[in-house]
Amino acid sequence: MKTLNYWLFLLFLSASLVVRAQEKKKFKIHTVAFYNLENLFDTINDPVKFDEASPILEMKTDIKEVYMKKVHNMARVISEIGTDMSNNSPVIIGVSEVENRQVLEDLVNDPLLLGKDYGIVHFDSPDARGIDVALLYQKDVFRPLHNASYELKIYDDESQKRIYTRDQLLVSGELEGELIHIIVNHWPSRRGGEAKSRPKRVAAAKLNKHMIDSLQSIDPYAKIITMGDLNDDPTNASVKKVLNAKANREDVQLKGIYNPYEDLFKKEGLGTTAYRDAWSLFDQILMTKPLIEKDYSSFRFYKAGIFNKNYLTNKYGRYKGYPLRSFADGGFTDGFSDHFPVYIYLIKEVAE
């Protein structure tokens with residue numbers, strides 16, 4: 001009995017030491033996010049764009065006041081994404097449905113974001129409505145080294161005329177000295193029906209895969225994050241077949257892609273946007289294998305989430321439970337977006 005007690009004591013002591021060693025580990029944590037800003041347009045009618053169809057320009061009164069409120073509401077959301085764990089707004093955030101650089105400058109200069117000193121990477125795209133994607137980054141954490149805009153060329157099946165849509169934005173830079181590549185997407189919509197419009201998103205996925213392949217041909221171990229409003233769920237062909245994204249980390253091979261949002265969609269039934277009482281998870285953040293390794297001596301993926309705080313949700317009426325959008329029935333709701341933002345945490349072990 002004495003011998004048994006002695007070994008039990010040693011086992012308890014060993015377990016305690018392991019727990020203490022684990023407790024002593026400290027991690028630096030950063031939030032990386034994506035947010036569809038739902039028609040963040042300015043109040044000026046651009047003669048070379050079809051921006052007059054934007055909700056704000058369709059309004060008759062209080063346009064400037066509505067614009068400033070819309071900007072402030074977007075800033076509020078961005079300022080809070082990921083703060084539960086990182087105590088900081090996203091150090092990198094991709095955005096879509098922005099009209100031009102000026103609206104982005106107004107956004108980052110809102111009082112809620114001004115102190116974060118966000119930089120902007122933006123290109124004007126050929127989209128018919130004039131909506132673009134962009135990247136915002138905290139200058140003291142991320143340093144862009146190279147950026148480029150990749151044009152998506154797609155055509156109407158019947159007329160064979162080109163459909164002008166959003167470019168895909170690539171930004172390569174250093175996150176606290178570590179090279180990382182960010183691709184921001186806003187793939188073609190489902191206008192005309194999911195099946196009819198599917199080839200357009202497949203084409204967008206092929207362009208995205210080409211961009212990823214090009215980076216991996218230079219460095220197979222490149223840390224790549226591709227994010228955006230894909231207008232497809234994690235289970236659709238564009239994501240599952242073209243990108244060949246995997247739901248399980250163990251299935252991701254070298255040069256493979258991991259999608260943490262597939263399980264959130266399939267197993268938990270979560271979504272980022274709703275239509276006709278059905279949820280879709282169109283907004284996703286995917287990454288290459290080097291970001292999901294278990295060696296935390298450099299930044300690695302820790303956790304993915306959907307930022308769906310209570311105040312972002314419609315409380316009343318037929319759209320109860322849906323994201324509280326900014327514009328509805330020809331007016332401004334004082335809401336936010338018809339999409340919830342998505343985010344991931346990147347962590348890195350630091351010395352005591």
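This note goes through confidence, the strands and their pairing, and the aromatic contacts of a predicted model.

1. **Confidence.** The structure is a prediction, not an experimental result. The protein has an average pLDDT of 92. Of its residues, 93% score at least 70. One stretch needs caution. Over residues 8-21, pLDDT stays under 50. For that stretch the model has 0 contacts beyond four places in sequence.

2. **Strand E4, an enclosed strand.** Strand E4 covers residues 132-138. It is largely enclosed by the rest of the structure, because 7 of its 7 residues are buried. Both faces are covered. On one side sit Asp132, Ala134, Leu136 and Gln138, all buried. On the other sit Val133, Leu135 and Tyr137, also buried.

3. **The partners of E4.** Strand E2 (residues 92-98) is joined to E4 by 6 bridges, and the two run antiparallel. Here serine 96 is opposite valine 133 of E4. Strand E3 (residues 118-122) is also antiparallel to E4, with 5 bridges. Tyrosine 118 faces glutamine 138 of E4.

4. **The seven-strand sheet.** An open sheet has 7 strands in the order E5-E8-E9-E10-E15-E12-E11. Its pairing is mixed. Which strands form the edges? They are strand E5 (142-150) and strand E11 (245-246), each of which pairs on one side only. In general, strands of a sheet pair through backbone hydrogen bonds, either parallel or antiparallel.

5. E5 and strand E8 (residues 168-175) run antiparallel, joined by 8 bridges. Tyrosine 150 has glutamine 168 in E8 as its bridge partner. E8 and E9 are antiparallel too, with 7 bridges. The hairpin of E8 and E9 has 2 residues between the strands. There, glutamate 176 takes a positive phi near 50°. E9 and E10 run parallel instead, and 6 bridges join them. Isoleucine 183 stands opposite threonine 226 of E10.

6. **Helix H6 on the sheet.** Helix H6 (residues 194-218) lies across E5, E8, strand E9 (178-186), strand E10 (224-229), E12 and strand E15 (283-288). It runs at about 30° to E8.

7. **E9 and histidine 181.** E9 is mostly covered, with 8 of its 9 residues buried. Neighbours within four places in sequence aside, histidine 181 contacts Leu170, Val171, Ser172, Leu215, Ala222, Lys223, Ile224 and Ile225.

8. **Aromatic pairs: tyrosine 258 and phenylalanine 301.** The structure contains 9 aromatic pairs. In the pair of tyrosine 258 and phenylalanine 301, the ring centres are 5.8 Å apart and the planes meet at 70°, so the pair is edge-to-face. The cut-off for that class is an angle over 60 degrees. This pair links distant parts of the chain, 43 residues apart. Tyrosine 258 is in strand E12 (residues 257-258) and phenylalanine 301 in strand E16 (residues 300-306). Tyrosine 258 is buried at 8% relative accessible area. Phenylalanine 301 is buried at 3%.

9. **Aromatic pairs: tyrosine 311 and phenylalanine 336.** This pair is edge-to-face as well, with 5.3 Å centre to centre and 70° between the planes. It also joins distant parts of the chain, 25 residues apart. Tyrosine 311 lies in the loop between E16 and strand E17 (327-328). Phenylalanine 336 lies in the loop between strand E18 (331-332) and strand E19 (342-350). Why does tyrosine 311 count as buried? Its relative accessibility is 19%, and the cut-off is under 20%. Phenylalanine 336 is buried at 5%.

10. **Other ring contacts.** Tyrosine 311 has a further contact: arginine 76 lies over the face of its ring, at 3.7 Å from the ring centre. Elsewhere, ring pairs link Trp279, Tyr319, Tyr322 and Phe340 into a cluster.

Conventions:
Residues are numbered from 1 along each chain as its sequence is written. This is a predicted model: local features need pLDDT of at least 70, side-chain atom pairs count only at pLDDT 80 or more; totals for chains, interfaces and linings use all residues. Side-chain values use heavy atoms; hydrogens and water are left out. Rings of Phe, Tyr and Trp (its six-membered ring) pair if their centres lie within 6.5 Å; planes under 30 degrees apart count as stacked, over 60 as edge-to-face and the rest as tilted. Helices (H or I, at least four residues) and strands (E, at least two) are DSSP runs, numbered from the N terminus. Buried means under 20% relative accessible area, exposed over 50%, partly exposed in between (1.4 Å probe, protein chains only). A charge sits over a ring if NZ of Lys or CZ of Arg is within 6 Å of the ring centre and within 35 degrees of the ring normal. pLDDT is the predictor's confidence in each residue, from 0 to 100. Contact means heavy atoms within 4.5 Å. Two strands pair if DSSP finds at least two bridges between them. Axes are lines fitted to C-alpha atoms, for helices over the stretch in contact, and angles run from 0 to 180 degrees between N-to-C directions.
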